[in-house]
Amino acid sequence: MSTEIRHRIQTLCDEIRDHQFKYYVLDKPTITDGEFDALLKELGKLEAAHPEFKLPDSPTEVVGGGFATHFQQSDHIEKMMSLDNVFDEQELTTWFDRIAKAGVSNTWLCEVKVDGLAINLRYDNGKLTKALTRGNGTTGEDVTLNIKTIKTIPHELKGKNIPELLEVRGEVFFPIAAFNEFNDAQEELGKERFANPRNAAAGSLRQKDPRITASRPLAMVVHGIGANSGVDFTSQSDAYELLKSWGLPTSSRYKVVKSRKEVEEFIAYYAEHRHDVEHEIDGIVIKVNEIAIQNELGFTSRAPKWAIASKYPPEEVTTKLLDIKVSVGRTGRVTPFAFMEPVKVAGSVVTNATLHNSAEVIRKGILIGDTVLIRKAGDVIPEVLGPIIAKRDGSERAFVMPTKCPDCATKLRAMSEGDVDIRCPNTQSCPAQLKERIYYIGSRAALDIDVLGYEAAAALLEDKLITDESDLFALTEKDLAKSDFFLKKDGELGKNAHNLLAALESAKTRPLWRILVALSIRHVGPTSAQALAKSFGSIAAISKASAEVLSETEGVGNIIGTAIVEWFSVDWHREIIKKWEAAGVVLVEIAKQSAEPQTLAGMTLVVTGSLIDFTRDGVSEVIAAHGGKSSSSVSAKTNYLVVGDSPGSKLAKAEELGVRVLNEAEFKKLLAGELI
């Protein structure tokens, strides 16, 4: 028996380390968080019952991310701990009782547990000097340059009583909405999708080129303090307020409570509202609020005794894959999806889940008839993660991608070399594409017309009230009266008809970026559309710009620029613009009156390096307020390059092209109209 236990402990240690490597280094986990937690929990129980077999480097004694990669390793000043977990009410009660036995009186701080990448920021006399991943808790990877590209992280602390030394701990995350948009863009480009926002954050932060990290909308929440000098914190909540006053990104989603009941209420609230948060959370962290009591309780070898993570159940379930079908999206992409036995996940019953593309079906080894693992978070479409191979009985069969569009019978093909997606090229009249495009126009991402739902879009097309999106804004009561969908039983126009016409009228004055998104130009999502609207100011200007000029816009790039040029080269696409304009749709950016003198009107400026009196976002806003345009790259069309500390390669490029270079003082003179 003892031999079996020793062998099981060794096997668990090896298996857990392997999964840690895949999770922390490769950013490609092969099991769910719940399955990993179960392995770690089993190991902990075996070690507690048989301490004589516990290995000195057991995963229960060290933090999981201690693997060397291509980034330079560096030590934390103070060890960066992990957190112990509890998974049910009984385990949480046991932890509370353990704290009570210490004989301390305290309040609790409850906060949401961000499912991100743990980071330690070091500030010396208020300046950010180093950023490290957690690593093994003692040594982490130096990701300073990449961290400095995250807009919410200050390079220098502001305010009063800045400490001489401060280590700040937190989580870097990929906002869910931005993650979904980014993953869709990855798929459009034929690149592999990230499995979840946490992996996307880790992968983005580990880029060798900081410019790639800068192009991704990462954010951070700070939730802890390491080594420090020149400052005293009396409580966790007071520390958060002080960190916030220095400009650090703290969360507002925490609460100081006085009883276990209030803790349980906080946990229950976010169990119900976990998908209302902009980032993924996988539980609630409970901390003793008073710093003095934290110090009294101390630490184990890997975690503080004064804090615990109450983990929510994983939002992953298994079900039977009955068939694999395909759907045609608004850009013509043919996407396989799983048709499954109904199963409840994340609070709703689902029967369909995305499989992304045929290459993903092959890569994941999914067969029709498999028992599969699916995941659903928030409003995200459920995704098939993979098959449970051990449950196969030999009746499973491979999926074969169709060669013709299931809606219009057009021959399917890849639209460009290297494209993993197969598309229906009949973009103008394929019924499926038309329906999806009309529906998308009403979506929150585009014009946000809630009465233009899927049923309304289908009725408009099936009853031939419109031929395509070009006719949408010219609809009248007389048109809608031809469709039973918009009529009441007595034959009069229904409320839905009046609401739709009113909503369409209101949508004519939506911001220009929403109009751009509504056109369903490939690769153009809300982020790039906002940049284009701000830079060009009108559909007319965008339609006339070359791919090269478009790609110079920050957040656009060559792929999006080329896609825009290709879209406007199509006759029936230009007809959409013509008809929308005739119907009264505003196709220009409605300028906001600036109180600042327009001293930069007509100028393009690039800013590089760290400025003293301007943040990264702040300097762009100042340039725009003075009538100028910010760009991320230096070209012959750049009027000025503004340089701060560590300007990098842009300075050499500006000198090569003869672009005038300004320091910060000269830039201020330019803003004031005093520079000659």
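Which residue in S13 is the bridge partner of Lys-325? The bridge partner of Lys-325 is Phe-337. More on that pairing comes below.

This is a predicted model: local features need pLDDT of at least 70, side-chain atom pairs count only at pLDDT 80 or more, and totals for chains, interfaces and linings use all residues. Residues are numbered from 1 along each chain as its sequence is written, and side-chain values use heavy atoms, with hydrogens and water left out.

## The whole protein

The protein has 24 helices and 20 strands. Helices (H or I, at least four residues) and strands (E, at least two) are DSSP runs, numbered from the N terminus. The radius of gyration is 28 Å, close to the 26 Å that the globule rule gives for 676 residues, so the protein is as compact as a globular protein of that length. That radius is taken over C-alpha atoms, and the globule rule is 2.2 Å times the number of residues to the power 0.38. Along the principal axes, the C-alpha atoms fill a box of roughly 80 × 80 × 50 Å.

Of the 676 residues, 49% count as buried. Buried means under 20% relative accessible area, exposed means over 50%, and partly exposed is in between (1.4 Å probe, protein chains only). Now take contacts, meaning heavy atoms within 4.5 Å. Among those with a separation of 6 or more, 66% come from residues 24 or more positions apart.

Start with strand S12 (residues 316-328). Strand S13 (residues 334-345) runs antiparallel to S12, and 7 bridges join the two. Two strands pair if DSSP finds at least two bridges between them. S12 and S13 form a hairpin with 5 residues between them. In the turn, Gly-332 has a positive phi of about 90°.

S13 also pairs with strand S14 (residues 348-354), in the antiparallel sense, over 6 bridges. S12 pairs with strand S15 (residues 371-375), again antiparallel, over 5 bridges. Here are some of the residues that face each other.

| Residue | Opposite residue | Strand of the opposite residue |
|---|---|---|
| Val-326 | Pro-336 | S13 |
| Val-317 | Ile-374 | S15 |

## Helix H3

Helix H3 (residues 89-101) has 13 residues. From its first C-alpha to its last, H3 reaches 18 Å, close to the 18 Å expected at 1.5 Å a residue. The expected span is 1.5 Å times one less than the number of residues.

Which residues of H3 are buried? They are Leu-92, Trp-95, Phe-96 and Ile-99. These residues cover an arc of only 100° around the axis, which puts them on the same side of H3. The arc is that of the directions from the helix axis to the C-beta atoms. An α-helix has 3.6 residues a turn, so residues three or four places apart point the same way.

What covers the buried residues includes strand S3 (108-114), helix H9 (260-273) and strand S10 (281-288). The face turned away from the buried side carries the exposed residues Gln-90, Arg-98 and Lys-101.

At the start of H3, a side-chain oxygen of Asp-88 reaches to within 3.2 Å of the backbone nitrogen of Gln-90. After H3 comes Gly-103, whose phi is positive, near 75°.

## Two loop residues with positive phi

Asn-125 has a positive phi of about 50°, although it is not a glycine. Asn-125 sits in the loop between strand S4 (117-124) and strand S5 (127-133). Its relative accessible area is 59%, so Asn-125 is exposed.

His-356 is not a glycine either, yet has a positive phi of about 70°. His-356 is placed in the loop between S14 and helix H11 (358-364). Is His-356 buried or exposed? At 3% relative accessibility, His-356 counts as buried.

Val-221 is found in strand S8 (residues 219-229). Its relative accessibility is 11%, so Val-221 counts as buried. Leaving aside neighbours within four places in sequence, Val-221 is in contact with residues including Val-114, Gly-170, Phe-173 and Pro-249. Val-221 and Ala-118 are 103 residues apart in sequence and 9.8 Å apart in space, C-alpha to C-alpha.

Asp-471 lies in the loop between helix H13 (454-462) and helix H14 (477-480). With a relative accessible area of 17%, Asp-471 is buried. Beyond its neighbours within four places in sequence, Asp-471 is in contact with Ile-466 and Lys-579.

Conventions: Polar contact = N/O pair within 3.5 Å; in protein donor to acceptor, adjacent residues only side chain to side chain.
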